[in-house]
Amino acid sequence: MTECANPLDSASNSLAGVIILAGGASKRMGTPKAKLMLSTGEPLLDYHVRHALKLNVPIMIADNARGFTIDSTLIDNELPSPVIHIADYDPSDIKANQSNEHSKTGGALVAIESALQALTKMSDSGTLKNSQSSPLSWLLVISCDSLIPAMDLWQKLESFIGQDADKKVICLADEHHLYPLLGIYQLSIKPNLKAYIDSGERRVMAFIKPMAHSVKFSKQWQHLTNFNTPTEFAFACTALNDL
């Protein structure tokens, strides 16, 4: 496997990294979504990693310490791996609200905060190649209840960057709901998100709604996401094959 050129190498390329959320309990699915098998024989986590690699940025897997592995052939062993597992950010100085449904797993926002902190460390160490002409300022978030490829998602959302300076989150939406775990997050939200989590909060919508710009689903994506049962996953796979 050879190192691929960055297909988004332009002045508009401000993507710093990708986080794949793979730590959910998946109770209704009956098995972790990250390990769901596509008709090609590829696990869902590998599918997302394979597509994210095309973006040529660090890929962070947040699996709540489940130890999910990816196919070693996806990575060139002669080069530094662009794929890392990250631990949840731990607000150890406070006790999270024990009544919160995410109190045991941390939840999506905790994983996103961990990714933002990891990117800050990479930037400080010089691992991230930043420039004044193309500042790296966004994190792409992908959840394992979707089959939308990372490259396609980034290109869709990137086109809305700068339309509203007050919006720090750009995410997909349908007629009724936002999909905050299919979106891009500005790195500058890190201190506010940390303060929110440290206060014991975990609610995603309460945090992002004031700062979110919604982007309506492409029609071809409507059946590729938000699957929570084996039947819904099978339907999503059929929709993917029909594209």
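These legends describe close-up views of one predicted model. Residues are numbered from 1 along each chain as its sequence is written.

View 1. Helices (H or I, at least four residues) and strands (E, at least two) are DSSP runs, numbered from the N terminus. Along the sequence, the protein chain follows the pattern β-α-β-β-α-β-α-β-β-α-α-β-α. Of its 243 residues, 49% are buried; buried means under 20% relative accessible area, exposed over 50%, and partly exposed in between (1.4 Å probe, protein chains only). The protein chain exposes about 12300 Å², and carbon and sulfur atoms supply 50% of this area. Accessible areas come from the Shrake-Rupley method with a 1.4 Å probe, and for residues only the protein chains shown count as cover. Among contacts in the protein chain with a separation of 6 or more, 76% are between residues 24 or more positions apart; contact means heavy atoms within 4.5 Å.

**View 2. An open sheet of 7 strands has the order 3-2-1-4-6-5-7.** Its pairing is mixed, and two strands pair if DSSP finds at least two bridges between them. Strands of a sheet pair through backbone hydrogen bonds, either parallel or antiparallel. Strand 3 and strand 7 (212-216) stand at the edges with a single partner strand each, so one side of each has no neighbour in the sheet. From one strand to the next, the twist averages 25 degrees. Axes are lines fitted to C-alpha atoms, for helices over the stretch in contact, and angles run from 0 to 180 degrees between N-to-C directions.

**View 3. Strand 2 pairs in the parallel sense with strand 1 and with strand 3.** Strand 1 (residues 15-21) and strand 2 share 4 bridges, and Leu21 stands opposite Ala62 in strand 2. From strand 1 the chain passes through helix 1 (residues 44-52) to strand 2, a β-α-β crossover that is right-handed. Right-handed means that, with the strands pointing away from the viewer, the path from the first strand over the helix to the second runs clockwise. Strand 2 and strand 3 (residues 83-85) pair over 3 bridges, and Ile84 in strand 3 is the bridge partner of Met60. Within strand 2 (residues 59-62), Ile59 and Ile61 point one way, Met60 and Ala62 point the other way, and all are buried.

**View 4. Asp63 is found in the loop between strand 2 and strand 3.** Asp63 is buried, with a relative accessible area of 3%. Leaving out residues up to four places away in sequence, Asp63 touches Ala22, Gly23, Phe68 and His85. The C-alpha atoms of Asp63 and Ala34 are separated by 8.6 Å, although these residues are 29 residues apart along the chain.

**View 5. Strand 6 pairs in the antiparallel sense with strand 4 and with strand 5.** Strand 4 and strand 6 pair over 5 bridges, with Leu182 in strand 6 as the bridge partner of Ile142. A hairpin of 4 residues joins strand 5 to strand 6, and 5 bridges link these two strands. Ile170 has Ile184 as its bridge partner in strand 6 and His213 as its bridge partner in strand 7. Strand 5 and strand 7 run parallel and are joined by 5 bridges.

**View 6. The largest nonpolar core has 47 residues.** A nonpolar core is a set of buried Ala, Val, Leu, Ile, Met, Phe, Trp, Tyr and Cys residues joined through side-chain atoms within 4.5 Å. Val18, Leu55, Leu140, Leu147, Leu153 and Leu172 touch the most other members of this core. The elements that each supply at least two of its residues include strand 4 (138-143), helix 3 (150-158), strand 5 (169-173), strand 6 (178-186) and helix 6 (230-242). Another core, of 33 residues, lies apart from it, and its members include Ala62, Leu128, Tyr185 and Ile208.

**View 7. Helix 4 (residues 190-198) has buried residues that are covered in part by helix 2 and helix 5 (204-208).** Leu193, Tyr196, Ile197 and Asp198 are buried in helix 4. Gly200 follows helix 4 and has a positive phi, near 100 degrees. Helix 2 (residues 108-125) lies across strand 1, strand 2, strand 3, strand 4 and strand 6, and runs at about 145 degrees to strand 1.

Key:
This is a predicted model: local features need pLDDT of at least 70, side-chain atom pairs count only at pLDDT 80 or more; totals for chains, interfaces and linings use all residues. Side-chain values use heavy atoms; hydrogens and water are left out.
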